[in-house]
Amino acid sequence: MQGYVLALYFVFYLVIVLGLKLDDFYPYGSQNGDTAMPKNDDGSSPDIPISSLFPFFNHQHSKLTVNTNGVISFLQTVSTYTPDPFPLANDARMIAPFWADIDTTRGGTVWYRETTDKQLLDRATDEVRAYFPKFMKFRASWIFIATWDHVAFYGCSEDGCSKTNTFQAVLITNGQHSFTIYNYEEIQWTTGKASGGDATTGLGGTPAQVGFNAGDGIVFYTVSASRTNDIVNVDEYSNVNIPGKFVFRIDASDISDGGCNTKGNLTISPRYGPMLGGQYLVIGGPCIDNKAEIKVTFSELPKQKCYRISEFSMSCVTPMFNYTGDITVTVEIENNQEEKRVFRGIYTILNTADSKRKVYRQRSQEWYPGRHQIKWDTDATELQEADTVDIHLFSLMGDANRRLIWKKYIINTGQQTSLGSADVHVQEIGSVMAIRVTPSTNRSDESEIGIWSDIFSLATTPDTAFFLCDDWLNAELKMPSLPFKDVQPCPCTVDQALLDIVRFQPDPDCNMFNKNSSETCFYRRNATHCIRLTRAGPDGIDNLCCYDVQNKLIDSRQAEGGFLQRYHYLGGEGTIPYLTNFYYDVLPYLHCCRYQKDRIQDDICSKFFQYRQPSSCLNYDPPRPARTSGDPHISTLDGYSYTFNGVGEFVYLKTIDETFQSHIRFEQFQKDTGALVDASVCTAFASQHFNSSGIIEVRLNSIRTADVLINGEVLDFDESNSYQFPGVSVMQITTNQPSKREIIVSFTEIGIAFKIEASLTVLNILPVVGNKSLAGQFRGLLGDFDAIPDNDLRTPSEEILLPNSTAEKIYYEFGVLWRINERETLFTYEAGKTYKDYQILSFRPEFLLPSNIPPEVEQLCGKDLECMFDFIQTGSAEFATETLQFSMIYNTSVEASYEIKVCEDLPTVEGGVWIAADTLEGSNATLQCSHGYEKIGGSTNIYCSCSNGSWSDSDNVRCAFPAKETTNITYNNETTTIAVHETSKIQSEESSGNRDVIIICIVVLVLVVMVIIGVVLFRFLKIRKRKRYQLPVVKSSFRSGCTIYDYTANKR
């Protein structure tokens, strides 16, 4: 890739001097399969269906038209020969490389074709990446090439017709993003005679226009000098420092220039990356001299070198971090005159659990010490320059001060990158591990580049696991107890877990949304879905709650599920996000419980749960949901339902003190034909907790279904589906429908969350409030949250409408009164749009269903009146179906919001476990003793009676070793008692007593000596095994009490 880029820029250097030649154009003409337009004046091609949707000005297009007069249009032909000044309305959506009065009957040809030729796609890909460093992962999938070849102007004289123009427009897309290249070989005229131009020179009059027009009369872009005499020099101009070449991004609501600038802001791609580092970044923004020295600083870490890719971009590699979140990236560029320029940008470090991995362990659930196979993403940017790769094993160990230390081992070398797989031999050299695939050759003056596997541990034998667990138990004795009585209890069922997006979030290692992951729930084998606290509980603890195939909360003493954890996976003071949790909470469970199932000598798993209490839903208080769906049907937080189909931007929900605000936008519903109807839909909402978070905005997008923005910047979910920002988390849920997206936004400090389901036409929203201290503290369209539905129609002036008010009265005397003003809006506005464009004060919707319901409506909707209303008002069965389905989701959420009666937690029993399907009212529990134990005491079956919230008889039954019969034996007139089995009796005689005593003493002594020798030998071998692969240590970095070491091991 870099070799091609270097060659590309050598060509660029030549064209900077000489300008573009025809050889620099994308190939065109009949020999390349182009279609030639018939000779004409002011003509157009037929509609050209294209094989890929083309995004342009935030709209997808399935066809286009090539117009003789230097324009590619999308909604209608363009025969106008004198270019009108942009912006133009009336659907005049166009790409205009040179809009002027062209007459090919006087000379020249217009050619066009679409192509997916691999060589051309690679060329387009490289050009986009070069001019737009932000799009370093862009890969073109479709190209359209239109070329105006030596074309003459209308009304040219015999001499005038010898003056011709040759230019080209190249349209490039990957389906989501699109770009246009304008190439100009030679421009000799600007104006046709009918536009006031000179017949001999083709100059004067109203000259050509170059740019883009959205067709709405608002949004446009023009190249400077358009419609002036200077446009004849467009073949000498450029926005990428190559005379005669312009490159633009055109899919968004505004047009973006390619190239570089002298401003102080950086564009960093990818914008987000893994905490373990090694990521290849392309940084753009400043123009970079050929011999410039570049240094980068990530936050306060030491400076390291970056390398110039081109005039437009540089490459840097991220170091290893032990924290997450936004950091400042500072770049210093020093030219050969030793002049320094400083530029800054923001980079977000992702939690290791949330980062998308690019190295995959095969059969990952069967990894014992030994030989295994890994695979890696051969398309990863980090490996594109490498013919061969080395494979590194990173091992994480804890020291006596509970610091975590990374150690690196080289476990394979010189593997061919393109193979994408290799065998590795992994020894038991540490508890927590990760594998990195890295180019065999790394630059010494920058961080090591590479891609990572998941965090994992090797399975081990019961005996080894026993000693590891015993070490952990001894260490836990010195630690403070977990404040389990103060932690947020788990939801009792999966439905409650799915509703409670306020206090909990899906566990990245085990959730039902990771449908394509073969490794999901590896550390909670009996679970199908798990959740964690969205923010750390008392003393920084986490509560992991897991649910089984029957959607019930798992008691981890019975099956592998969740439990309280000392360290939150998001990290905290003195901890490393995810890694500290994995090392001190996840691993001990594996050692103490999973790997002890075949060990019968000790019930060590029960001891584990003395320090990590099992999941419990005792005293769980569910959150309360609300809803907005369809032609907006609203259910408040107190359960009052009404329809408010206004058009504009309104207060959705706010606290009385206005520290939290949520705004919602309703727009008029538009049919597929473009016709507007007297109905509205939610198209955007924005929220902010002013004390702690930025502004989160979700809005429909016709290309990507919906966009999520944080403080006006669109979030990219390429690197992760989950992002943690101060005071707010955002998660994208994978769906099986490409045209739909599901987003969860949770404001963690205040306890308010939103689940958004987006389609191409509507945002359906499920708000959830779990902070009961906010009762009565809300205002807006969602009511006041005081558990009284009848007072939810409260106006800004505190007047309350009766709950039986008509839809029309609710509309005029409640809903529209909550319209926000321009000063307080949280929304960002696309190019050409303002607050006023979304406010239609005169809009009056339909309020009532007609008396006669068409049969097709009844067939689809049944008795659901909201579904009927939406079908009739919009004429869209698909839209009505979405309303119906979201109503079902809301109804399920309401049912989940009711408190469930449960019994107290089942007691922990040494040598056994109480087995119960759950702790809900009416459940039965049976005591199951471990191998070698038997039931002692009262009933072994207890019944839960939730009238008093306790189990019956649970205190009177236990597990114990079987009782043994005893007998008295007299030796030398002394009597002692020993245990005997029922099947054997000791015959004591005076004559043989002394001999038996001696034999017994000898046997006991021998056994004691053997046990001591065995324990000493085992610990000696264990220590030796741990040290087996260690070599001298080289310290590479230190931060926040975590020392990171690099080791070099013998190559295998």
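Pro-87 is found in the loop between strand 4 and strand 5 (94–99), where helices (H or I, at least four residues) and strands (E, at least two) are DSSP runs numbered from the N terminus. The peptide bond that joins Phe-86 to Pro-87 is cis, with omega at about 10°. The structure is a predicted model, in which local features need pLDDT of at least 70, side-chain atom pairs count only at pLDDT 80 or more, and totals for chains, interfaces and linings use all residues. Residues are numbered from 1 along each chain as its sequence is written, and side-chain values use heavy atoms, with hydrogens and water left out. A cis peptide bond also joins Ser-269 and Pro-270, with omega at about -5°. Pro-270 lies in the loop between strand 14 (267–269) and strand 15.

Asn-67 has Val-71 of strand 4 as its bridge partner.

Strand 21 (residues 340–350) pairs with strand 15 and with strand 20. Strand 15 (residues 272–274) runs parallel to strand 21 and is joined to it by 3 bridges; Pro-274 is bridged to Leu-350 in strand 21. The pairing between strand 20 (residues 325–334) and strand 21 is antiparallel and comprises 10 bridges, with Val-331 opposite Phe-343 of strand 21. These two strands form a hairpin with 5 residues between them, and Glu-338 in the turn has a positive phi of about 65°.

Positive phi values also occur in loops. Most residues other than glycine have a negative phi, and most peptide bonds are trans. Arg-227, although not a glycine, has a positive phi of about 60°. Arg-227 is placed in the loop between strand 11 and strand 12 (245–249). At 32% relative accessibility, Arg-227 is partly exposed; buried denotes under 20% relative accessible area, exposed over 50%, and partly exposed the range in between (1.4 Å probe, protein chains only). Asn-619, likewise not a glycine, has a positive phi of about 70° and is located in the loop between helix 6 and strand 34 (624–625). Asn-619 counts as exposed, at 63% relative accessibility.

In helix 6 (residues 604–611), the buried residues are Ile-604, Cys-605, Ser-606, Phe-608 and Phe-609. They pack against helix 3 (462–476) and helix 5 (579–592).

Ile-756 is located in strand 47 (residues 752–758) and is buried, with a relative accessible area of 0%. Contacts, defined by heavy atoms within 4.5 Å, were computed for this residue. Not counting residues up to four places away in sequence, Ile-756 touches Phe-685, Val-698, Arg-741, Glu-742, Ile-743, Val-745, Leu-763, Asn-764 and Ile-765. A separation of 9.7 Å is found between the C-alpha atoms of Ile-756 and Thr-628, which are 128 residues apart along the chain.

Key
Two strands pair if DSSP finds at least two bridges between them.
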